[in-house]
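The sequence and the structure come first, and the description follows.

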Amino acid sequence: LALAWLPEAHIAWTLVPQALAGAGMGLALPALAGGLLPEVTAYDAARTLAVRHAGIALTLVALAPVVAHQLDTVTHRAQEQGVALVLDAPFAPQEKLALAPALLSGVDAQDPRAGLRRALAAERRRFSGRELQAYDRLAQRADETVTAAVADAFREAFLITGALALLAALVVAPWPPARRALPALGAAAVLAVAAPGAYAAAHAALAPEPVEIQDPCTAKRELPGTGGIGGFLQDRALQLLDATACRLGATREELVLALTDPAEARRFKERHGVDPRSVGGVLQTLIGG
């Protein structure tokens, strides 16, 4: 349960949950290996072992579709958030034309963080000075976004397995408990509640703020304002992008993805009933389509 709310992408945060899970498994094994069911003969031992492994296998079979669906969903959301970061970045229009497709192609469901990092490293050499500083900030936010998306993809699996573990703990706990077992049972109950609670609180306090996908009909955005004719045209194009997305009942990020990727265009048409490539050449010029 604590692993469902890791505050940051650092291995140190996983140590306490792993130690607690290992201790819990160690405490449960005696009950599962003779404490609840008789384990006198080889047949008894084989039966208990088979039941335990069958339970693990069934849980994995049940969780695999959940994780796969969530990973696909959050990868798509991370792509939309990446689009939002690029559109709001203080770069010249021609830089965005090259940057957006490159970063989007790097994010995939198989290995989204590694793909994004490779794409970010490949594009970094094109920037210098203040633009490089802005690019590094964008790269950090993009990495945080993908990391949070992957964590979100596995959160439901951790919550389900955590709930199953608590249920199992109730099954294997001695009932009625012996007086001498009460302190240990009480400590276990406190840890079972306190550890996830502490991690959830740390996540709320330390986790990066997610990139917000705003409603294009009501959003009051701060335009990049990069200056010059190109900057002026970019600001007008972004306003047109919001207006078009509002009219179609979509987000501007959805629309940009649909204009850059045929698969996303099909998804957009299924969801909104409009072929996004029919909205005009100005928007496609904005995002390099």
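Helices here are DSSP runs of at least four residues, numbered from the N terminus. In that numbering, Leu 32 has its place in helix H1, and with a relative accessible area of 33% Leu 32 is partly exposed.

The model is a predicted one, and its confidence deserves a word before other details are read. The protein chain has a mean pLDDT of 83, with 91% of its residues reaching 70 or more. Confidence is highest in H6, at 92, whereas helix H10 (residues 281-286) has the lowest, at a mean of 51. Where pLDDT is low, predicted coordinates should not be read in detail.

Leu 32 also belongs to a nonpolar patch on the surface, whose members, among them Leu 29, Leu 36, Ile 160 and Val 171, have about 810 Å² of accessible area together. Helix H1 (12-35) and helix H5 (129-172) are the elements that give two or more residues to this patch, and H5 provides the largest share, 5 residues.

A search of the whole structure finds 1 disulfide, formed by Cys 217 and Cys 246, with their sulfur atoms 2.0 Å apart. Cys 217 lies in the loop between helix H6 (182-206) and helix H7 (228-248), while Cys 246 lies in helix H7, so the pair ties together parts that are 29 residues apart in sequence. The torsion about the S-S bond is about 110°, and the disulfide is therefore right-handed.

| Cysteine | Relative accessible area | Exposure |

Terms used: Residues are numbered from 1 along each chain as its sequence is written. This is a predicted model: local features need pLDDT of at least 70, side-chain atom pairs count only at pLDDT 80 or more; totals for chains, interfaces and linings use all residues. Side-chain values use heavy atoms; hydrogens and water are left out. A disulfide is a pair of cysteine sulfur atoms within 2.5 Å. pLDDT is the predictor's confidence in each residue, from 0 to 100. Patches are made of residues with over 30% relative accessible area and no salt bridge: like charges are joined within 9 Å, nonpolar side chains (Val, Leu, Ile, Met, Phe, Trp, Tyr) within 5 Å. Accessible areas come from the Shrake-Rupley method with a 1.4 Å probe; for residues, only the protein chains shown count as cover. A salt bridge is a side-chain nitrogen of Lys or Arg within 4 Å of a carboxyl oxygen of Asp or Glu. Buried means under 20% relative accessible area, exposed over 50%, partly exposed in between (1.4 Å probe, protein chains only).
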